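Student: Can we go through this structure together? I want to know what stands behind each label.

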Amino acid sequence: MSRVILLCDMNSFYASVHQAMDSKLRGKPVIVGGDPAQRRGIVLAASYEAKKYGIKTGMIISEARALCPQAIFVSPSHRDYAAFSSWINNILREYSDLVEPFSIDESFVDITGCLKNLGTPQEIAQEIQARINQEVGVGVNIGIGSSKLVAKMASELEKPNKIISLSPSDWPSRVWPLPVKELFGVGSRIGKWLNQIGIKTIGDLATMPVELLRKRYGLVGEVLHCSAQGIDSSPVDPGSMDVVKSVGNQITLPRDYRGLEQVKVVVLELAEEVAQRARKAGLIGRRVSLTIKDPNFFTESHSKVLSYYTDITQELYEMAVFLLEQYWGNKEVRARLVGLTLSELIPKQEKQLAIFSGQEKQERIDRATDLIKSRWGRQSIQRAVSLTECGVYDGR
């Protein structure tokens with residue numbers, strides 16, 4: 001039996017939540033942004049009324065204000081966003097027990113087993129859309145397809161508050177002409193490489209020899225080739241969010257940092273924060289990823305897999321410094337934002353002990369600092385570099 005899957009994508013979710021909570025904001029250009037004084041003056045979300053003025057996510061707030069002086073700026077409220085997301089997913093679970101939250105504002109719903117009792121896919125989607133609009137007060141785009149990939153691509157074809165059905169026979173005419181960067185799963189780095197070798201559209205990728213993709217990107221290349229042809233057999237997994245996939249943190253700096261030595265201070269502070277969170281969750285990981293956004297908002301990320309699993313601050317820091325020196329060391333690195341992530345996680349009780357590694361001493365140090373911080377607060381024990389002018393978390 002062919003599957004029928006919906007992808008429910010909330011329209012301008014953060015801004016829509018504020019409009020739903022405050023009737024005075026409805027129909028007005030609303031911009032959700034941070035605090036400019038803390039160098040977090042970036043547009044996180046904009047209502048469709050604001051988007052008409054050319055305002056986009058990631059834009060500096062001063063630019064957004066210049067484009068739309070009458071815009072209403074509100075501070076983000078992640079607790080409310082999470083509550084609304086949970087509310088919406090509870091509505092979706094009334095139609096199917098196969099609901100997979102994909103992000104805070106997107107969810108897949110497998111309605112294959114519901115068609116006999118609830119109606120056609122279009123009728124079910126219309127009812128869901130109407131309920132979310134009326135009960136929650138948020139607009140929603142719904143893509144209908146035979147797989148998660150097709151449903152996701154359908155939901156992106158038209159916005160806002162649309163219901164789009166995409167069949168396999170529609171794929172060549174409606175999806176193949178799109179730029180290759182719009183294919184779900186194609187990141188900026190892969191998209192840039194594809195453009196460089198003449199692959200401009202999704203159709204070009206679909207007809208590209210799979211051997212070239214496999215040679216360059218391995219299994220990921222094969223998956224992209226299948227995706228370009230509309231092939232996806234991944235199930236809707238209600239438990240996909242139950243397992244922690246990564247532990248990470250990022251911080252926007254109080255000023256532009258210049259040079260490796262300044263950035264290393266932030267990397268050490270992030271390593272301590274991320275490692276402590278992993279230890280608290282009882283997890284260890286082996287893939288370390290470092291992200292740096294420069295003053296021009298260009299973001300670059302690199303990662304490396306360790307030969308062992310760890311939750312030790314020093315080991316995480318050393319690998320992050322290796323990435324920093326390898327990929328940013330030959331140029332004068334300038335950073336506006338730095339992020340660090342530990343992924344490929346497993347429970348710590350599965351760790352293979354290394355007798356001569358010296359890890360035990362480092363683990364004792366980490367456990368001692370964790371205990372001190374839990375009892376007397378975060379600033380009760382600090383790295384010396386955090387007291388320098390480059391310290392961010394505890395610096396003065």
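Tutor: Start with a term: buried means under 20% relative accessible area, exposed over 50%, and partly exposed in between (1.4 Å probe, protein chains only). This is a predicted model: local features need pLDDT of at least 70, side-chain atom pairs count only at pLDDT 80 or more, and totals for chains, interfaces and linings use all residues. Residues are numbered from 1 along each chain as its sequence is written, and side-chain values use heavy atoms, with hydrogens and water left out.

Student: Why does Lys159 count as partly exposed?

Tutor: Its relative accessibility is 37%. That lies between the cut-offs of 20% and 50%, so Lys159 counts as partly exposed.

Student: Where does Lys159 lie?

Tutor: Lys159 is in the loop between helix 7 (148–155) and strand 8 (163–165). Helices (H or I, at least four residues) and strands (E, at least two) are DSSP runs, numbered from the N terminus.

Student: Which residues is Lys159 in contact with, leaving aside its neighbours within four places in sequence?

Tutor: Asp9, Tyr48 and Asn141. Contact means heavy atoms within 4.5 Å.

Student: What makes helix 1 mostly covered?

Tutor: Helix 1 spans residues 13–21, and eight of its nine residues are buried. Among them are Phe13, Tyr14 and Val17.

Student: How do you know that the chain is as compact as a globular protein of that length?

Tutor: First, the chain has 15 helices and 13 strands. The radius of gyration, taken over C-alpha atoms, is set against the globule rule, 2.2 Å times the number of residues to the power 0.38. The rule gives 21 Å for 396 residues, and the chain has 23 Å, which is close, so the chain is as compact as a globular protein of that length. Of the 396 residues, 46% count as buried.

Student: What is the volume of the largest pocket?

Tutor: About 700 Å³. Of its 16 lining residues, the closest to the centre are Gly187, Ser188, Arg189, Ile190 and Ser301. A pocket is an open set of points on a 1 Å grid over the protein atoms alone, where a 1.4 Å probe fits, with protein on both sides within 12 Å along at least five of seven lines; lining residues have an atom within 4 Å of a point. Points are joined across faces, edges and corners, and the volume is the space filled by probe spheres set on them.

Student: Which helix gives the largest share of that lining?

Tutor: Helix 9, with six residues.
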